[in-house]
Amino acid sequence: SSPQPKTHSDVMTMLTAKVAARTAAAAARTTARDGQRRGIINYLTNYPDKVMEVKKIQQLGGVKQGEANPTWLKQQGDQAVNIAGCVLCAFAFLQYTSGVYKLATNSGKMD
């Protein structure tokens, strides 16, 4: 026979262990019965694969065309993204140039 618990703490530990075991067993039965509910995981796992469609667009007309037909301008929307990137880079360069000029000439202070 097992030794009897001597303190209140020992009794609570034993009760907690029994309750935890029963709760885990009940949860396992529920999951096994109802199946998993994976939400976002199922969405990402079952997301349609469009790799081959994009590959056909990228390889249209060959892949060694260089400057005449670059791959970074072949897909729909590529031109708009590239224009936006160029505009942002130009704005950043102008801001940088303006800041360097103001530092060099000691102008543009807020007095």
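The chain has an accessible surface of about 10300 Å², and carbon and sulfur atoms account for 62% of that; areas here come from the Shrake-Rupley method with a 1.4 Å probe, and for residues only the protein chains shown count as cover. This is a predicted model, where local features need pLDDT of at least 70, side-chain atom pairs count only at pLDDT 80 or more, and totals for chains, interfaces and linings use all residues. Residues are numbered from 1 along each chain as its sequence is written, and side-chain values use heavy atoms, with hydrogens and water left out.

**View 1. The whole chain, end to end.** Helices (H or I, at least four residues) and strands (E, at least two) are DSSP runs, numbered from the N terminus. Of the 111 residues in the chain, 3% are buried. For that label, buried is under 20% relative accessible area, exposed is over 50%, and partly exposed is in between (1.4 Å probe, protein chains only).

View 2. Ile40, Ile41, Tyr43, Leu44 and Tyr47 make a nonpolar surface patch of about 560 Å². Patch members have over 30% relative accessible area and no salt bridge; like charges are joined within 9 Å, and nonpolar side chains (Val, Leu, Ile, Met, Phe, Trp, Tyr) within 5 Å. A salt bridge, in turn, puts a side-chain nitrogen of Lys or Arg within 4 Å of a carboxyl oxygen of Asp or Glu. Look for Tyr47 in the loop between α2 (40-45) and α3 (51-58); its relative accessibility is 47%, so Tyr47 counts as partly exposed.

**View 3. Ring against ring.** The count of aromatic pairs comes to one. Tyr43 and Tyr47 form that pair, edge-to-face, at 5.6 Å centre to centre with 70° between the planes. The rule pairs rings of Phe, Tyr and Trp (its six-membered ring) if their centres lie within 6.5 Å; planes under 30 degrees apart are stacked, over 60 edge-to-face, and the rest tilted.

**View 4. Two cysteines, no bond.** Searching the whole structure turns up zero disulfides (pairs of cysteine sulfur atoms within 2.5 Å). Cys86 has the sulfur of Cys89 as its nearest cysteine sulfur, 6.5 Å away, and that is too far for a bond. Cys86 is exposed at 53% relative accessible area, and Cys89 is exposed too, at 56%.

View 5. The 28 residues of α4 should span 40 Å, at 1.5 Å a residue, and the end C-alpha atoms are 41 Å apart, which agrees; the expected span is 1.5 Å times one less than the number of residues. One of the 28 residues is buried, so α4 lies largely in the open. Just past α4 (78-105), Asn106 takes a positive phi of about 60°, in a residue other than glycine. With 53% relative accessibility, Asn106 counts as exposed.
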